[in-house]
Amino acid sequence: LSYRFEDFETNETEWKELPGCQNVTRTECDFSSAITEYYDTHHVRIRAERREEVSPWSSIFEMIPYFIAQIGPPGIELQSINGVIKITVSPPEANQVRKMWIDHLRFKYNLVIWENSSNAEFRSRSVFPTDKIDDLAPDTTYCLKVQATLPLELQEGLFSPIRCIKTTRKAVNNLLCATNVSVLALNMKFHLHWNNQYKQYVSYNVQYLIGYLKKLHDDYSGKWLNVPGCENITDTQCNFSSIITTTSGFYYLRVQAMSEYNKSCLSNEVKVDPLITNEIGPPGIKVDISDVLLHIQISPPGGSESEVMRDHYDLSYRVLYWKNSSNNEEEIKMKEIKQTIGTVSDLTPSTLYCVKVQAFSEVYNKSSCYSREECIKTPGDKILPLIILATFVTALIAVLLVAIPLGFALYQAYSKIKYVFFPSCQPPSNIEGFGGQLFSSPYLSTTEEPIENCSIIGTVTTEVVHQIDFKDYKYSKQSSRDSGNYSNDDDTSGSKASEEMLVKEIV
Amino acid sequence: IMNAFGLIQIGLILFSTTTISSLQCNHLPLQQRKVIENSLQLLDKMGKKFPQQCQREKMSFRFPEQVLKPRQKETVKVVIEEIFQHIFYIFSKNLTLAAWDGTALEQFQNGLYQQIEQLEACVLKKQPHYFRSKEVNRLKLKKYFQKIDFFLKDKQHNLCSWEISRAEMRRCLQLIDKVIRKL
């Protein structure tokens, strides 16, 4: 009894004999050599033969080689250095000419590792083709195995044979290494920070690796590049924004610490996916009020870098506004806008409103801190200022209407009083010649008085002459009464008194 | 027992891939558009204009456009991921004779790789058992890229074969761009 295998490929017209599978006595046959098109549908049929008798053909076995193929085991190479295990994985079908899994870059390698002791815990993690396993205890034997998988095809390959290796002691120059390597990124400015406990002089070199290189099977250890500006530095931080040239694609960063004695140590690596690692800073805010609308002007975070952020993050803004009154029971209202200008309406007049804004990216599930608060007061009723103005104007007019006539009247009164009580008069020009001596004293001065030249009629005693003179004097005095000192018409009392005195003197 | 263990492995791989991307997968198209725009620019940047002497060696590879006619968003994501993987693979080796700008090429590959990782994480998150149904399309794509791979091998990765392949990839990305804009 023997079996005959035949195959029919999709694009072929007839059944083909499978080489090496004619007249087989076993119930199985390897027909790999006949299968060349892995993506085509193949139909296989068998029949039994005994001398001249043939059985009918079996039911047809239909298959697409690619879909029934299983992923074989990958190859492993191990190295134990400094308490760390370095692993190099070679893909299944590594040296084959014709491959089922042509795109070996697609494989994701799954490593299972455990301590070579009883009831050891199995730990599973994914590894790159060239990777290192560093969370291990020193001086311990570990066993591991690796499988290649195609996650999207839900395909898991066969495990490689188990390999065991012993870890060495940890390196002595541990203290030299930079620790706590972390990234702080704000508004697309990326900074690397690290710590170091080395007591002596140490300088640093910050290096970066383009992310996809780890995916390739080539050795990427020589592909690390120095970050410009962070070579041979003593500061424990580095601004590596210059190497982030695009937002698509990630990078790995590490710090190489070097001591004076040419000893160096590499820190752990940090993965940076620019848009995911970056944090969005707060936006700027300006508020303005006009009538019943509150205008909010938002300046996007990042300044000159803001274009990159706006483009990739598809930023929106969350505006919070509330009434700032003494009782803090006012509810905070929220408004989400896409543009950088927002308005808030239905405001109560004469109220102080406060606003703050936050930028957020729904796509990346990131939001910034809030901007500073800006407060502005809504204007009062429009009518009130007008009332105030009107009142002021009318009051002004009223005051003026009263004040001006009053002022005028007062002025008139003043001038009249001045005229009556304090006349400003001048003596007429014809008596100006008498001068002051005539009125300076009320007493008659005999020596100074001009004596009339009279002819003496009789021998008259000098006393009679004096009487006549005296009367003349009285009259002359009366006629020129108005001296400078007196402004009164009625001056008889004054002269009378002087007359009496004169009489007394004579007598 | 093996199956259960296998599922655990898948679960762990899922975990490791999802920790890579914290992207909300609903908005993946926005990011993809940016990456494709960027990739097209880089593809142009890495070399010069198509050389005249390579015109006669041009081949028609016949990209299976029907794979990009989306019925569901999820279908398209898987298809795009598949295409990115293929392009990433093609541009990963034997590029010496192409003599392209190394930096542009690196950035191109890096962008593709980031997208592949994120797509994978999103697809796995949403519908892990999805792909079994639309496998025919994936096979068509594999055949298409296989043709290009054979073409390059056949011509020993010389300049013209690379330039023709680059032009073909450009067309491919433009088709994807059109589809994504409609999503």
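**View 1. Strands β14, β15 and β18 of chain A form an open, antiparallel sheet of three strands in the order β14-β15-β18.** Strands here are DSSP runs of E with at least two residues, and helices are runs of H or I with at least four, numbered from the N terminus. Two strands pair if DSSP finds at least two bridges between them. This is a predicted model, in which local features need pLDDT of at least 70 and side-chain atom pairs pLDDT 80 or more, while totals for chains, interfaces and linings use all residues. Residues are numbered from 1 along each chain as its sequence is written, chains are lettered from A and ligands numbered from 1 in the order written, and side-chain values use heavy atoms, leaving out hydrogens and water. At the edges you will find β14 (179–186) and β18, each pairing on one side only. Neighbouring strands are turned by 15 degrees against each other on average, direction ignored. Six bridges join β14(A) to the antiparallel β15 (residues 189–195), and Val183(A) has Leu192(A) in β15(A) as its bridge partner.

**View 2. Here is Asn239(A), in strand β18 (residues 237–239) of chain A.** Asn239(A) counts as partly exposed because its relative accessibility is 39%; the class lies between buried (under 20%) and exposed (over 50%), using a 1.4 Å probe and protein chains only. Beyond its neighbours within four places in sequence, Asn239(A) is in contact (heavy atoms within 4.5 Å) with Phe190(A), His191(A), Val227(A) and Cys230(A). The C-alpha atoms of Asn239(A) and His191(A) are separated by 4.4 Å, although the two residues are 48 apart along the chain.

**View 3. A second open sheet of three strands in chain A has the order β6-β7-β10, again with antiparallel pairing.** Strands β6 (75–81) and β10 (130–133) each have a single partner strand, so one side of each lacks a neighbour in the sheet. Look for the seven bridges that join β6(A) to β7 (residues 84–90); Ile81(A) stands opposite Val84(A) in β7(A).

**View 4. Helices α3 (residues 73–90) and α4 (residues 102–126) of chain B cross at roughly 145 degrees, their axes coming within 9 Å.** The axes are lines fitted to C-alpha atoms over the stretch in contact, with angles from 0 to 180 degrees between N-to-C directions. Among the residues making the contact are Phe84(B) and Phe88(B) of α3(B), and Leu112(B) and Ile116(B) of α4(B).
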